[in-house]
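Dear colleague,

A summary of the findings follows it.

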Amino acid sequence: RIRYTAAASFSRLAMDRVTVEVCVESVESAVAAEQGGANRVEVCAALSEGGLTPSIGLVKVIMSKVTIPVMVMIRPRSGDFLYSDEEVQVMLHDIEAFKALGVAGFVIGMLDQKGTVDSVRLPSLVSAARPALLTFHRAIDMVGDRRSALEQIISLGFDYVLTSGQQATALDGVPALKKMVEQGGHRIRIVAGGGITENNVQRVVEGSGVTEVHCSARRTKESAMALRNSVVHMSAGVYQSEYSIKVTDKHMVEHIVAAAQATS
């Protein structure tokens, strides 16, 4: 029931010079991403935590509302990418459940204690996910030897790797991204992500040679709640108002897409 194979997805996106993927955490954001011209969406929960595994319900409804490929983040918790055996089991069950929905692909990643790609346990996730598309997520930005890690990821058969070039933003990581594009060649697609906006996407693409970018394109939406209790906060850690919601903005996506396609 998988909707898209790797070859079909690449063919579908070939009409655009640069593929734009938007990470979303709501149905509203997914619809806005497609309306803005995004080529695919990555569905997550808790983008403020770097993205976690979303609910089955969210993915199912998004798939009923959009026609572009839907990638699903598989990450059981926030924090590092060193997972216990139990957490690996959680990810395997999540992949099985989403695979039954026919999602286009999965966004996964796993490191060992030494900060290298976990080539012992990651293959089980890869096997469980196939024939869906596979993106190795920004865990690669936390490895010690990026070149070796990329070779491991390629050998495992990933279609994409999402990275900022091990820098705070993709713009800062342009030199590393360029080296990754050269190293990967036609074997894997490097997806530049981390602070991508309409103001910098052209510089990232032209400076690095990537043909894929990843962004959130979000704005703050004010809550429609009339009654508000300002002394109670549901979020732990960094304060975030319960009365403002981050959503993908269709026009921001349009501007990023336009800027990306205008690259020379």
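What pLDDT does the chain average, and what share of the residues score at least 70? The chain of this predicted model averages a pLDDT (the predictor's confidence in each residue, from 0 to 100) of 91, and 91% of the residues score at least 70. Over residues 4-14, however, the pLDDT is below 50, although this stretch has 21 contacts (heavy atoms within 4.5 Å) beyond near neighbours in sequence. Where pLDDT is low, the predicted coordinates should not be read in detail.

As to conventions, residues are numbered from 1 along each chain as its sequence is written, and side-chain values use heavy atoms, with hydrogens and water left out. Local features need pLDDT of at least 70 and side-chain atom pairs count only at pLDDT 80 or more, while totals for chains, interfaces and linings use all residues.

Salt bridges

The structure holds 14 salt bridges (a side-chain nitrogen of Lys or Arg within 4 Å of a carboxyl oxygen of Asp or Glu). One of them joins R40 and E212 at 2.7 Å, N to O. R40 lies in strand β2 (residues 40-43) and E212 in strand β8 (residues 212-215), 172 residues apart; helices (H or I, at least four residues) and strands (E, at least two) are DSSP runs, numbered from the N terminus. Both partners are buried (under 20% relative accessible area; exposed is over 50%, partly exposed in between, with a 1.4 Å probe and protein chains only): R40 has 1% relative accessibility and E212 has 0%.

E212 also meets R189 in a salt bridge of 3.2 Å, N to O. Because R189 belongs to strand β7 (residues 189-193) and E212 to strand β8, this pair ties together parts 23 residues apart in sequence. R189 is partly exposed, at 28%. Through shared partners, salt bridges join E21, R40, R189 and E212 into one network.

Aromatic pair

A search of the whole structure finds one aromatic pair (ring centres of Phe, Tyr or Trp, the last by its six-membered ring, within 6.5 Å; planes under 30 degrees apart are stacked, over 60 edge-to-face, the rest tilted). F136 and F158 form this edge-to-face pair, with 5.5 Å between centres and 80° between planes. F136 is in strand β5 (residues 133-136), whereas F158 is in the loop between α6 (146-155) and β6 (160-163). F136 is buried at 0%, and F158 is buried at 2%.

Yours sincerely
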